[in-house]
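Try each task yourself, then read the solution.

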Amino acid sequence: MSTTDSKTEVGSYFISNYPPYSQWTVDALPTVEQTLGSPPKPDTPLGLYLHIPFCRKRCKFCYFKVFTDVKAPEVQRYVDALCSEIEMVSQLPVMGDRPFRFVYFGGGTPSFLSPKQLTALSERLHRHITWDGAEEVTFECEPGTLSETKVKTLRETLGVTRLSLGVENFTDSVLEENGRAHLSKQVYTAWEWIEAANFNNVNIDLISGMVGETWDNWKYNIEKVIELSPESVTIYQMELPFNTVYSKDILGNKIETPVADWPTKRAWVAYAYEELKKVGYSVSSAYTMIKDPNKISFSYRDNLWRGSDLLATGIASFGHAQGVHYQNLPGMEQYLGAIEEGRLPLGRGFQPTEHQMLIREMVLLLKKGVLDVGYFRQKFGVDVIDRWRDVWQGYADEGLLSFTDDQVELTMDGLLRADSLLPAFFEPEHQGVRYT
């Protein structure tokens with residue numbers, strides 16, 4: 001992805017790790033096992049990710065490991081396996097005596113589970129682990145899966161502090177075209193229950209560039225978000241990784257991409273940021289605006305981007321322990337079979353060098369819009385300005401950022417294309433490789 005690209009091509013991606021996932025291998029698993037079997041380094045924050053891979057429908061732009069049309073026994077078997085996996089994880093030496101600083105229920109659609117299933121899951125998990133003292137417990141929701149009882153269960157039984165609502169768009173025709181399972185009426189109904197439950201942070205997700213979106217529709221979306229006034233708003237620009245329905249249609253039938261081009265998507269996000277700023281929101285990252293920086297911080301994001309440990313549970317989920325990356329098995333029978341045999345369902349891994357860990361933290365933290373050069377001097381003993389001066393200068397000349405010896409700051413134009421700036425910092429062997 002260059003910084004001057006226009007059309008949204010298949011293969012565009014959101015950067016969430018380094019080195020690219022395509023470089024992770026089964027050969028690294030002995031290292032992963034050794035790492036999980038070793039006591040933790042002092043003062044390393046610990047997080048837990050739980051993957052619930054079920055959805056009512058598969059969105060046409062989705063590239064995650066999800067399953068639809070599942071029957072109740074299949075869901076129960078998976079939840080049982082997840083609980084068994086967490087029991088195994090809770091006994092790993094890497095846990096040490098550390099409490100979980102952050103917990104994240106992701107998907108798929110975690111809110112696919114019923115209140116009864118969520119309560120049972122919570123009770124079983126609490127036999128082995130606790131997140132009572134966690135700074136943040138995040139739970140992803142699809143509006144159409146919520147009920148008043150379920151929202152109360154999330155707040156009171158699971159102790160969720162941050163609810164992330166996947167609205168994506170407020171116009172039914174756009175939701176239907178893109179394969180979303182919910183319609184706008186369900187957003188407003190769910191919102192009343194969510195407000196009544198008094199979560200610390202409610203986030204609304206939007207996607208800029210959904211198929212069928214127009215300027216008028218986008219302005220309407222921002223108007224509606226401002227009316228609801230969530231604590232945070234996350235706006236993603238529509239990507240086309242290889243394994244989405246839209247990507248397969250484009251590659252198979254050779255149709256033109258139906259997704260808005262990059263300049264249009266960036267213009268929509270810029271408009272959203274300006275409108276949100278007018279009503280008191282401020283920039284938290286290239287994707288997120290927050291209402292009150294004193295009240296809201298993102299423990300999951302900020303700890304993970306600084307190299308914290310994240311124990312991954314559930315099919316195909318990604319973890320990070322003592323600097324080593326790993327991913328669970330991606331096939332359902334593989335995953336379930338491993339756990340039912342009493343084995344951790346590890347699929348592949350990667351042991352980064354110190355330099356690769358530096359790159360990972362730098363590119364991820366750059367997404368926040370401001371980079372503290374002193375942090376890297378202190379942690380890695382490297383001056384990142386000197387190390388990549390030509391890259392910084394090139395981006396500064398393009399008006400994408402400004403920099404001093406102590407700080408890098410993205411301009412709004414740089415913030416809007418943050419992901420496209422990052423591969424320039426990758427090592428030569430990782431530039432141009434497939435990301436996933």
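This is a predicted model: local features need pLDDT of at least 70, side-chain atom pairs count only at pLDDT 80 or more; totals for chains, interfaces and linings use all residues.

Residues are numbered from 1 along each chain as its sequence is written, and side-chain values use heavy atoms, with hydrogens and water left out.

**Exercise 1**

Find Thr234 and work out whether it counts as buried or exposed.

*Solution.* Start with the element: Thr234 sits in strand β6, residues 232-237. (Strands are DSSP runs of E with at least two residues, helices are runs of H or I with at least four, and both are numbered from the N terminus.) Next, check accessibility: Thr234 has 4% relative accessibility, so it counts as buried. (Buried means under 20% relative accessible area, exposed over 50%, and partly exposed in between, with a 1.4 Å probe and protein chains only.) Then look at the partners. Leaving aside neighbours within four places in sequence, Thr234 is in contact with Asn203, Ile204, Asp205, Leu206, Tyr287 and Thr288; contact means heavy atoms within 4.5 Å.

**Exercise 2**

Where is Leu183, and which residues does Leu183 touch, not counting those up to four places away in sequence?

*Solution.* First, locate Leu183 in the loop between α5 (172-177) and α6 (184-197). Now the accessibility: at 31%, Leu183 counts as partly exposed. With residues up to four places away in sequence set aside, Leu183 touches Asp172, Leu175 and Glu176. For a sense of distance, pick Arg127: its C-alpha atom is 38 Å from that of Leu183, and the two residues are 56 apart along the chain.

**Exercise 3**

Describe helix α12, then see what α12 gives to the lining of the second largest pocket.

*Solution.* Begin with length: α12 covers residues 354-366, has 13 residues, and reaches 18 Å from its first C-alpha to its last, close to the 18 Å expected at 1.5 Å a residue. (The expected span is 1.5 Å times one less than the number of residues.) Then check burial: 10 of the 13 residues are buried, so α12 is largely enclosed by the rest of the structure. Among the buried ones are Gln356, Arg360 and Glu361.

Now turn to the second largest pocket, which holds about 350 Å³ of space. Of the 18 residues that line this pocket, Lys41, Arg306, Gly307, Glu361 and Lys379 are the closest to its centre. Two or more lining residues come from each of α12 and α13 (373-380), and α12 gives the most, with four residues.

**Exercise 4**

How many cavities of 30 Å³ or more does the structure hold?

*Solution.* Settle the terms before counting. On a 1 Å grid over the protein atoms alone, a cavity is a set of points where a 1.4 Å probe fits but cannot get out, a pocket is an open set with protein on both sides within 12 Å along at least five of seven lines, and lining residues have an atom within 4 Å of a point. Grid points are joined across faces, edges and corners, and a volume is the space filled by probe spheres set on the points.

The count is one. About 50 Å³ of space lies in the largest cavity. Its lining includes Leu36, Glu85, Tyr326 and Asn328, and α2 (72-90), β9 (309-313) and β11 (324-328) each supply at least two lining residues.
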